[in-house]
Amino acid sequence: MGRSNDSTPWLFIFKVRAMVEKFTMAFFGGKTGGRKMIIVMKRNATKAQIDLVMKWVESVGYKSHPSYGVERTIIGVVGDDRNKAHLKQAESLSGVENTMPILKPYKLASREAKEGNTTIRIKNIEIGGPQFIVMAGPCSIESEEQLMESAYIVKKGGGNILRGGAFKPRTSPYSFQGMEEEGLKLLKKAGEAIDIPVITEVLNTSDVDLVEEYADILQIGARNVQNFALLKKVGGARKPVMLKRGLMTTIEELLMSAEYIISSGNDNVILCERGIRTFETATRNTLDISAVPVLKELTHLPVIVDPSHASGHWKYIIPLTRAAVAVGADGVMVEVHPEPEKAFSDGMQSLKPAKFYQLMEEVKILEKTMRTEIYR
Ligand code: PEP
Ligand code: MN
């Protein structure tokens with residue numbers, strides 16, 4: 001009996017339609033007929049309120065896809081647009097903040113998904129808040145002496161976060177690859193000695209747990225910006241992540257990578273513009289300063305500028321830092337070395353102590369005049 005019903009033209013048409021819909025969803029997700037709308041729940045919405053909203057969504061012929069964020073729940077609504085007016089009615093349900101169409105492929109990273117800016121508090125500093133943050137330190141951790149000296153320079157200048165690479169992504173396999181766990185231990189010790197948080201790069205999924213033990217912020221380097229396995233893994237970490245833009249990634253791709261981390265459970269993502277590869281050879285990369293206001297418009301995440309890797313030369317770090325403050329970045333990451341000429345990596349783009357102090361003085365002055373609400 002069932003078999004003969006299956007062969008009726010009606011059922012056949014429905015089945016084909018269902019298959020096409022399934023295919024469109026699977027391959028195009030939010031870009032075509034997929035997620036069209038989000039219902040943003042209030043911060044304090046209860047589980048019962050969320051469940052009721054989802055039931056209601058189904059009752060008016062849509063499917064709901066909830067994402068339970070740390071701060072609030074957002075319900076993605078999928079379905080035919082013809083009933084759009086109904087979805088607006090969700091705003092009258094209890095626990096609902098508002099509804100809005102999803103225009104961007106990245107959702108949780110987008111301004112549409114959150115009110116205000118993401119601010120990340122680590123110890124007594126706040127990234128993405130009113131203060132312009134300076135992350136500074138050597139490219140690589142080379143020895144206890146070198147790192148401690150660097151740390152005291154950073155502290156003396158008034159830097160906010162100490163950087164130092166223990167796992168180094170080097171273009172050549174013959175270049176110094178980093179001190180690995182020993183370097184991580186030194187970094188933690190140095191951070192404690194000067195009482196500021198530390199940031200370091202994690203290169204592999206297998207090292208995430210280890211790096212998380214020692215670092216306050218996990219850095220994902222430019223070369224790993226689309227290493228989706230690594231992004232998902234740090235999405236499961238309890239420490240904030242600074243995601244550097246790749247040499248060849250568009251702003252949208254960077255935000256999609258941030259989306260991987262956030263959708264895997266880690267809301268504390270910081271973006272870093274570190275220069276992109278262009279036809280220009282006078283500088284190591286080209287600092288895409290426009291990326292800062294563009295990102296500020298598109299996302300609630302903090303944005304940091306790295307003038308060291310962008311320019312490749314210490315001479316340009318101070319001028320580009322001035323630009324970073326003026327353009328509305330939340331901070332900079334700069335390389336500093338007690339003796340750049342002896343550095344194991346990136347000596348040419350590392351500031352000497354005196355230049356770092358000058359940079360800090362300039363930041364203090366510029367911050368007062370330029371970092372106003374207008375740039376936020
Ligand atoms: C770094 O900051 O140490 C680094 C390797 O930078 P990037 O990933 O931007 O090249
Ligand atoms: Mn470097």
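Predicted model: local features only at pLDDT ≥ 70, side-chain atom pairs only at ≥ 80, totals over all residues.
Helix H8 itself spans residues 228–235, and its buried positions include Leu230, Leu231, Lys233, Val234 and Gly235.

Helix H9 leads us on to the next strands. H9 lies across E11 and strand E12 (269–273), with an angle of about 160 degrees to E12. Helix H10, residues 291–298, lies across E12 and strand E13 (303–305), and runs at about 170 degrees to E13.

These strands belong to a closed barrel of 8 strands, in the order E7-E8-E9-E10-E11-E12-E13-E14, with parallel pairing. On average, and with direction ignored, neighbouring strands of this sheet are turned by 25 degrees against each other.

Let me now turn to strand E7. Why can E7 be called largely enclosed by the rest of the structure? Its residues 133–137 are buried, 5 of the 5, and therefore the strand is largely enclosed. In a regular strand, side chains alternate between the two faces of the sheet. In E7 both faces are covered: Ile133, Met135 and Gly137 are buried on one side, Val134 and Ala136 on the other.

E7 has pairing partners in E14 and E8. With strand E14, residues 331–335, E7 pairs in the parallel sense over 5 bridges; Val334 of E14 is the bridge partner of Ala136. Between E7 and E8 the chain passes through helix H5, residues 144–157, in a right-handed β-α-β crossover. E8 in turn pairs with strand E9, residues 198–201, in the parallel sense over 2 bridges, where Leu162 is bridged to Val198.

Next, Ser308, which lies in helix H11, residues 307–311. Is this residue buried or exposed? Ser308 has 29 other C-beta atoms within 10 Å, so it counts as buried. Beyond its neighbours within four places in sequence, Ser308 is in contact with Ile317, Val334, Glu335, Asp346 and Gln349. Val334 is the residue already named as the partner of Ala136. From Ser308 to Thr321, 13 residues apart along the chain, the C-alpha separation is 9.6 Å.

Finally, the ligand. Which residues surround ligand 1? They are Cys139, Gly165, Pro169, Glu201, Gly221, Ala222, Lys244, Arg274, Asp306 and His309. By class, this shell divides into 3 nonpolar, 3 polar and 4 charged residues.

Conventions. Residues numbered from 1 in each chain as written. Chains lettered and ligands numbered in written order. Buried ≥ 20, exposed ≤ 12 C-beta atoms within 10 Å, placed from the backbone. Helix = DSSP H or I, 4+ residues; strand = E, 2+ residues; numbered from the N terminus. Pairing = 2+ DSSP bridges. Right-handed = clockwise from strand over helix to strand, strands pointing away. Contact = placed C-beta atoms within 7 Å. Near = placed C-beta within 6 Å. Nonpolar A, V, L, I, M, F, W, Y, C, P; charged D, E, K, R; others polar. Axes fitted to C-alpha atoms, helices over the stretch in contact; angles between N-to-C directions.
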